[in-house]
Each structure stands twice: as structure tokens, then as C-alpha cells.
Amino acid sequence: MDMNPYAPRRYASIAFLIFSLAVVGAFLYISSSIVGDLASQERERMQIWADATREIVASKPDADIDFPLSIVQANTSIPVLLTDDEGNIIDHRNFNLPEPIDSQQPLYISEANMDYLRGRLESLRSSSAMIEIEIADGVVQHLYYEESRALRLLSFFPYVQLAVMIIFVIVVYYAVSSSKRAEQNKVWVGLSKETAHQLGTPISSLMAWVELLPSFGVDGEVAGEMDKDVKRLAAVASRFSKIGSRPALEPAPICEVTERIVSYMATRISSQVDLTMLCDARHDLMVAMSQPLIEWVMENLIKNAVDAMDGHGSITITVSETAAGKRHKPYVRIDVADTGKGLSRRDFNTIFRPGYTTKSRGWGLGLTLARRIVEQYHCGKIFVSSSTPGVGTVFTILLPTL
């Protein structure tokens, strides 16, 4: 069952991409057809040019050759080489020769130009751009030709067009996706702030009632735990009210903050889950953080670990100092290791995508928000450092120290 609420939009995006690719393919086919038609027309022009050359060579001395000569001279764009049956170059036209032709001796071909023409002839012999001209019985000449410069440039046009269309599709897709994300963000921000506003009144009332509980004979320890939960509920409402605003970061001792989270969660998860914390740092490292948001990230990871273990197993949270980045800047490393179901490697990044969830309930936004809090607000990193199906998973958080 697909629990992803963003699936319809994803399918719409895929449909848009398929449609765009179909349009690009149609344009590419049409452009290629046009280039092919022009190439056929140039072939026909070369056939006429060959026929005119045959008429000139085979004509009698007193024959009128003005018309075929005008056809030969009219070719000013298609490079041609005319050779005899033994491969000797008889005539050439429209080649960019390395040396200019001497106007005083137009029929003279320098050695450099001849070497260039021979090279062009060798390359043309391996192509199909050749027309045989039968001058007389046993006398055959060969007309080799290249595509005109205009046709060569035009032959690249479909690929240029393809590149432009792909860029256009990418830009449009990115713009539409960004617009959708911005709209989604506005909805979530508005919903979060409204939720915080609605929770404010009952939370204030609960706080007042919790203070009165001891006067009604309620055990002080029970009242204290209820007070912790109400304050935690107030902290949750505060987090919701701040969504959409960049949180203020203040220095805080990471081991102390983590220990407080572990202490709170230990009494609120299954008794069959062993939740422990280790602080391997030489001293309690100071980190610039928004404590309510980091606490939420830790709680989310612990709850996910409990769900992955079906309510029984062990969770070990280790806080240590490490070096990361090009300059080996000191970082705090927080490892949350569980003995749950584990993940396959292909899911290491997928689980952070919006809407991804393996639960029958839920929106699949917990780890997405966790990544945003850690990476965008705290300039850190959160990732799956290791996982083995059936053995367990280790989530790692890196936060820069002060």
C-alpha cells in the first residue's frame, strides 16, 4: 500500500516529463527529416552538376555549352572533387584551401593545396557521396562531394534544439516543483502556527491544574511527572509556533541536553527497551543550537528506533568529539544505535524524503524535518552511518562545536 501523500503529484511530474520527452522526440524527428530532405536535394543538385559536366566534356568543339557551363559555375556552396578513373584530381570547387590560388595561374595547384585535396579525397572515398560520370565508352570520371556548410550547420540543429528543449523542460520542471514546494511550505507553516495557537489555551489550563494537584492529595512524584509532560507539551506547541522562522541559536552543553532527553524518554517508551547514553567527550562540548528543535530531533530518532524494534530491544546514544570537513573542524558526533529491523543501503537517503514512511499511519515527515533542522538551521549533518537488515541501524548527527 502506498502511504505517500505526495504520490499523485509525483505521478503528475512523471507524466509531465514523459510528455515533454515525447514533444522533444517529435521535434527531433521533424528536424532530422528536414535535414534528410535537404541532403537529398543536394544529391540531386550534384547529379545535375555531373550531367552538366558530362555534356561539357563530351560536347563537340562547335557545340553550345553555355547552359551546362552555367550549371557548373552556379555551384558556389557544395565542395566537389572531380577525378579520373585512376584517382587523379581533375577539378575542385568550394574547398577552403590552405594556400590562396594565384589569380595569374588559376589552374596551378600548389603542393600544399594538392596534399590537402588528396586528404579530402581519401575521406570522401569512404563515404557514399560519389557519382560516376561516364564520358565515353571506357572513360569514367568520379564526382565526390561534401555537404554544403549550411547543411552541415543545419545537421547540428536537431541536437542543439534537443539540448535547448531539455534545458527548457528542466527549468519549467524546477520552477513548477519550487512553486509547489513553496505552496506546501506555506500550508504547513500556517497549519503549524494555527495548531500552536489552538493548543495554547488548554496547555495554560493544564499547567494551572497540575499546580493544584498536590492540594487534592495527588502523589508528588505523579504530579511531577505530569508537570514534565505538560511542559513538554508547551515546548511542542512552541516549536510549532516557530516553524517558518529561523530559530535563534544559543550555546548549550550537548551532553547535558542529550542526557535530559534520554532521561525524559526513558520513562515514556516501552519498558522492554533499554535506553542508555554514553558521553565519550573529554568535557561537555558547547554547541550553538536551538534546544527545543534538537530535542525534537533526538526524540524523533528515539521513537523511530522504538518502532523499528517493535517495542523491545536496546537503544544506545553515544556523544563524542570528531573532526570532519576539509579543515578538520571539530564536530560533535551523536550516534543513535538500535537493534531493530535495519535498512537496505538503497533506503539510506530515501527515508529522508518527504512522504516516505513504512508505517501504516503517519505522513513520513519526521526525518525530513529532522534533516532540515540539523542541516539548514544548525549547519550540521544527519545520515544513516550503518545499517544491517535484521541487526540494527545507526543514525549519526554531526554538529559544529563552538
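Student: In the hairpin of strand 1 and strand 2, which residue takes a positive phi?

Tutor: This is a predicted model, in which local features need pLDDT of at least 70 and side-chain atom pairs count only at pLDDT 80 or more, while totals for chains, interfaces and linings use all residues. Residues are numbered from 1 along each chain as its sequence is written, and side-chain values use heavy atoms, with hydrogens and water left out. Strands (E, at least two residues) and helices (H or I, at least four) are DSSP runs numbered from the N terminus. Five residues stand between the two strands of this hairpin, and the one that takes a positive phi, near 90°, is Gly-87.

Student: Which residue in strand 2 is the bridge partner of Val-80?

Tutor: Two strands are said to pair if DSSP finds at least two bridges between them. Strand 1 (residues 80-83) and strand 2 (residues 89-93) pair in the antiparallel sense over four bridges, and in strand 2 the partner of Val-80 is Arg-93.

Student: In what order do the four strands of the open sheet stand?

Tutor: Strand 3 and strand 4 (residues 139-145) pair in the antiparallel sense over six bridges, and within that pairing Ile-133 stands opposite Gln-141 in strand 4. The open sheet is formed by four strands with antiparallel pairing, in the order 2-1-4-3. Its edge strands, each pairing on one side only, are strand 2 and strand 3 (130-136), and neighbouring strands are turned against each other by 20° on average, direction ignored.

Student: How far apart in space are Ala-150 and Ser-77, C-alpha to C-alpha?

Tutor: Ala-150 is found in helix 4 (residues 149-212) and is exposed, with a relative accessible area of 57%. Ala-150 and Ser-77 are 73 residues apart in sequence, whereas in space their C-alpha atoms are separated by 8.3 Å.

Student: At roughly what angle do the axes of helix 6 and helix 7 cross?

Tutor: Axes are lines fitted to C-alpha atoms, for helices over the stretch in contact, and angles run from 0 to 180 degrees between N-to-C directions. Angles under 35 degrees count as roughly parallel, over 145 as roughly antiparallel, 65 to 115 as roughly perpendicular and the rest as oblique. The axes of helix 6 (residues 254-266) and helix 7 (residues 291-308) come within 10 Å and cross at roughly 45°. That makes helix 6 oblique to helix 7, at an angle of roughly 45°.

Student: How many charged residues does the contact of helix 7 with helix 8 have?

Tutor: The axes of helix 7 and helix 8 come within 10 Å and cross at roughly 145°, and the residues that meet include Trp-296 and Leu-301 in helix 7 and Ile-373 and Tyr-377 in helix 8. By class, Ala, Val, Leu, Ile, Met, Phe, Trp, Tyr, Cys and Pro count as nonpolar, Asp, Glu, Lys and Arg as charged, and the others, Gly among them, as polar. The residues of this contact divide into ten nonpolar and three polar, and the number of charged residues is no charged at all, that is, none.

Student: What is the phi of Cys-379?

Tutor: Cys-379 is found in the loop between helix 8 (366-377) and strand 10 (381-388), and Cys-379 is exposed, with a relative accessible area of 54%. Phi of Cys-379 is positive in a residue other than glycine, with a value near 55°.

Terms used
Buried < 20%, exposed > 50% of the residue type's maximum accessible area, 1.4 Å probe, protein only. Contact = heavy atoms within 4.5 Å.
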